[in-house]
Amino acid sequence: MSKRDGKKNLRGRAGRMQGGRGSGRASQGQVRLWGRHAVEAALKNPDRRHRKLWATREGIASLDGELPADFPVEYAEAADLARLVARDAPHQGLVLECDPLEDIHLSEILDEELEGPLLILDQVTDPHNVGAILRSAAAFGAAAIITQDRHAPPEGGVVGKSASGALEIVPWVRVVNLARALEEMAEAGYWRIGLAGEAEATLAEALPSGKVALVLGAEGEGMRHNITAHCDALARLPISNAMESLNVSNAAAIALYAVATR
C-alpha cells in the first residue's frame with residue numbers, strides 16, 4: 001500500500017501477548033473486529049497483538065494511517081468479508097483478527113487514583129448496549145467499566161462496532177463477584193450510586209463532590225437486590241412520566257454527563 005501525504009504510520013503489531021479476558025474469540029485465543037472505527041482503533045492500540053486483516057481496497061484507503069510494509073493483509077470483496085462477520089454486520093470493508101486485550105484487575109484501576117467515575121453494569125448482557133456504554137464512557141472520561149464476567153457479553157465484533165473505537169480506550173474490568181468489587185470501591189473512597197427509577201432523590205441531588213461509582217442494572221429487571229444493598233445511595237434520572245424508563249445505554253450517557261458537569 002502506497003503512503004499517502006499527511007498520514008502517520010499505524011502502530012501495527014503490538015509487542016505484548018499476555019492472554020486475554022477469555023471470551024469473545026473468533027477462534028481459540030483470537031478476537032475478530034470489524035468496521036472502520038473499531039479496526040482503526042485496534043490497529044493504533046499498542047496493547048493489541050494483530051494477526052490478520054481482511055479488507056477491500058476501499059477499506060484500506062479509509063484508514064487514518066499506514067500499515068507496516070509486512071502487515072498481513074488479504075484483499076477481498078465486500079461479499080467475502082460478510083462471511084467473516086456476524087450476519088448483516090456493517091464491516092465497511094475491514095475485518096481484523098487479533099488477540100484479546102490483556103486482563104485488567106480492579107485493583108489496578110483503584111490504585112491509579114483516576115479522576116473519572118467508575119461505571120458498574122449489573123447483568124447488562126446486550127453487546128450493542130455495552131458497546132454504546134463504552135462509547136459514552138470514553139466521551140465523558142469514565143475511569144473504567146466493571147462487569148461480572150458471567151453476566152456480560154464477550155469482547156468481540158458486535159461490542160467493538162457499537163463502541164466505535166472505545167473498546168481500545170476505556171478499561172473494561174471483569175470480576176467474579178460484583179458485590180465484593182463494590183466493597184473494594186467503597187474502601188477506595190468511592191461513593192456508590194445505584195440508578196433506580198423508584199428512588200426519591202434525583203442523580204443531581206445525590207452526587208457528592210468526591211469519587212463516584214455509578215451502578216446500572218439490566219433493562220426490565222434493574223439491579224439485583226444484593227447489588228442495591230451495596231450502594232450508598234439510590235438516585236433516579238428526572239425523566240417525564242410519559243416514559244417508564246430509558247434504554248440502559250441512554251441512561252448511562254446521561255448519568256456520565258451529569259457527573260462530568262456537576
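Colleague: Which residue in β4 is the bridge partner of valine 31?

Modeller: As a general idea, strands of a sheet pair through backbone hydrogen bonds, either parallel or antiparallel. In this predicted model, the bridge partner of valine 31 is cysteine 98 in β4, where strands are DSSP runs of E with at least two residues and helices are runs of H or I with at least four residues, both numbered from the N terminus. Four bridges join β1 to β4 (residues 94-98), and the two strands run antiparallel; two strands count as paired if DSSP finds at least two bridges between them.

Modeller: Residues are numbered from 1 along each chain as its sequence is written. Because the model is predicted, local features need pLDDT of at least 70 and side-chain atom pairs count only at pLDDT 80 or more, while totals for chains, interfaces and linings use all residues, and side-chain values use heavy atoms, with hydrogens and water left out.

Colleague: In what order do the four strands form the open sheet?

Modeller: The order is β1-β4-β2-β3, with mixed pairing. The edge strands, each pairing on one side only, are β1 (31-34) and β3 (73-75).

Colleague: Which buried residues does helix α1 have, and what covers them?

Modeller: In helix α1 (residues 36-44), the buried residues are Ala38, Val39, Glu40, Ala41, Ala42 and Leu43, where buried means under 20% relative accessible area, exposed over 50%, and partly exposed in between, with a 1.4 Å probe and protein chains only. Their cover includes β1, β2 (50-55), α2 (57-62), β4 and α6 (157-163), with contact meaning heavy atoms within 4.5 Å.

Colleague: How should I read the salt bridges, and how many does a search of the whole structure find?

Modeller: Side chains of opposite charge can pair when their charged atoms come close. The search of the whole structure finds 15 salt bridges, each being a side-chain nitrogen of Lys or Arg within 4 Å of a carboxyl oxygen of Asp or Glu. One of them joins the side chains of arginine 83 and aspartate 80 at 2.7 Å, N to O; arginine 83 is exposed, with a relative accessible area of 65%, whereas aspartate 80 is partly exposed at 35%.

Colleague: Is aspartate 122 buried or exposed, and which arginine does its side chain meet?

Modeller: The side chain of aspartate 122 meets that of arginine 224 in a salt bridge of 2.7 Å, N to O. This pair links distant parts of the chain, 102 residues apart, with arginine 224 in the loop between β9 (212-217) and α9 (225-229) and aspartate 122 in strand β5 (residues 118-122). Aspartate 122 is buried, with a relative accessible area of 0%, whereas arginine 224 counts as partly exposed at 28% relative accessibility.

Colleague: What separates glutamate 184 and arginine 180 in helix α7?

Modeller: Because they are four residues apart in helix α7 (residues 178-187), about one helical turn separates glutamate 184 from arginine 180. Salt bridges that share partners join Arg180, Glu183, Glu184 and Glu187 into one network, and the side chains of glutamate 184 and arginine 180 themselves meet at 3.8 Å, N to O.

Colleague: Where is methionine 243 placed, and is it buried or exposed?

Modeller: Methionine 243 lies in the loop between β10 (233-235) and α10 (248-260), and it is exposed, with a relative accessible area of 54%.
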